[in-house]
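Colleague: Could you walk me through how to read the contact between two chains? I'd like the general idea and then the case at hand.

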There are 2 protein chains.
Amino acid sequence: MHAEVPSTAGSSNPVPYGAAKARVVAAALDLFTEQGISGTSLQMIADAVGVTKAAVYHQFPTKEEIVVATVEVELARLGPTLDAAEAEPDHVLALDLLLTQVIDLAVGHRRMVVTLQHDPVVVRLLAEHAPFQQFMQRLFRILTGDDASPAARVRAAMVSTAIGGAVSHPLVAGLDDDTLRSQLHRLAGTFLGGPD
Amino acid sequence: MHAEVPSTAGSSNPVPYGAAKARVVAAALDLFTEQGISGTSLQMIADAVGVTKAAVYHQFPTKEEIVVATVEVELARLGPTLDAAEAEPDHVLALDLLLTQVIDLAVGHRRMVVTLQHDPVVVRLLAEHAPFQQFMQRLFRILTGDDASPAARVRAAMVSTAIGGAVSHPLVAGLDDDTLRSQLHRLAGTFLGGPD
DNA sequence: GTCTATATGAAGATAGAC
DNA sequence: GTCTATCTTCATATAGAC
């Protein structure tokens, strides 16, 4: 049930760098999902990892840095897709590329997405976090297709929260991942390609 | 900036029942919006009201009951609209009625909606709260129009989170309320009325 | 990298006076 | 309805040994 954390790809060393850090982030991600950020204590994280609070503090000087690291690990999954979408000249294809990956990520995590997306602590922390801001601007630029009109902005805002929110919605709790993915992709595509 | 709390309508007494309770709920709503549920302590609420923690405990035996009361007050605003929508035989008109009111409520509160909608504490609390479940079922029944197919479920889940999420989205932070309202209404209507 | 031990503060909650 | 005072538990955080 723990999310995987990327290791140093291509290294011959199986546990090369930050194995302890990675364990903390993985445990934190699970707990944040279930209890929210403020509802998760360092004690809980330490217990989940199987170490003491002091050991956790040795990896991350504050709880806030754990939160930032956790969100960054998840967002990093979108990095390559964002690169590919920006390199794609046909912006309908670019949009489709991005949509597919965002939906995959959201469906794969369901409840986690909503918490990390809307928790007031996360929102405040990431608002002060420059790399995150740039990341989001790139994402929205593809979503709006360089159209800064109110209609385009509202449309992009709706679709980006609709995907994250819908995956954890009680109405779709009974749907299997494949069905949810394909419906989300179809509906989001229609919505974004619809009339102005 | 404080939200109003309904008093006993039609009473000749200006502060008839639960004035103290109402002050607590109004202060809690503001704080929950800014800090989240877990990020809001009883001390903060007491300070905002201008009394001690013990006085707050006299009104609500636990913090959880403050949360439930706060959410109930907000949801109660939708009650009359839900009645009207259910009484409307033309289900396109019923949908429009509901949409207009939900958007009004969401735009009027912006940041608050997202917190109350997605906070894990609220989600857990309301999941055990029967009146809330019934309320939501009525709402979703109008949204899906008695269609329980995966397509209809995902569509309803998307639109219900899209409205709540979009109002607090950075992309629309610069839009005035009127513009946001009309765009939301137009886009949500198109989305719900679109092809299956 | 992990531990024990501890400091300091704030959390939720209660008892009982006014 | 509100107060003071107090309890217990848990939080974040630090110091220093292994």
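Colleague: How many salt bridges does the rule find across the interface of chain B and chain A?

Modeller: Zero salt bridges turn up there, a salt bridge being a side-chain nitrogen of Lys or Arg within 4 Å of a carboxyl oxygen of Asp or Glu. Mind that this is a predicted model, where local features need pLDDT of at least 70, side-chain atom pairs count only at pLDDT 80 or more, and totals for chains, interfaces and linings use all residues. Residues are numbered from 1 along each chain as its sequence is written, chains are lettered from A in the order in which they are written, and side-chain values use heavy atoms, with hydrogens and water left out.

Colleague: What area is buried between chain B and chain A?

Modeller: The size of an interface is often given as the accessible area lost when the parts come together. Here about 3300 Å² is buried, with carbon and sulfur atoms giving 77% (accessible area with a 1.4 Å probe, summed over both parts). In chain B, B:Met158, B:Leu171 and B:Leu187 lose the most area to chain A, together 19% of what that side buries.

Colleague: And how is chain B related to chain A?

Modeller: Two copies of a chain are related by a rotation about an axis and a shift along it. In this model, a 180° rotation with 0.0 Å of shift along its axis puts chain B on chain A, RMSD 0.1 Å (least squares on C-alpha atoms of residues with pLDDT of at least 70 in both). That's a two-fold axis, and the chain B C-alpha nearest the axis belongs to B:Ala162, 2.2 Å from it.

Conventions. Buried area = accessible area lost by both parts, 1.4 Å probe.
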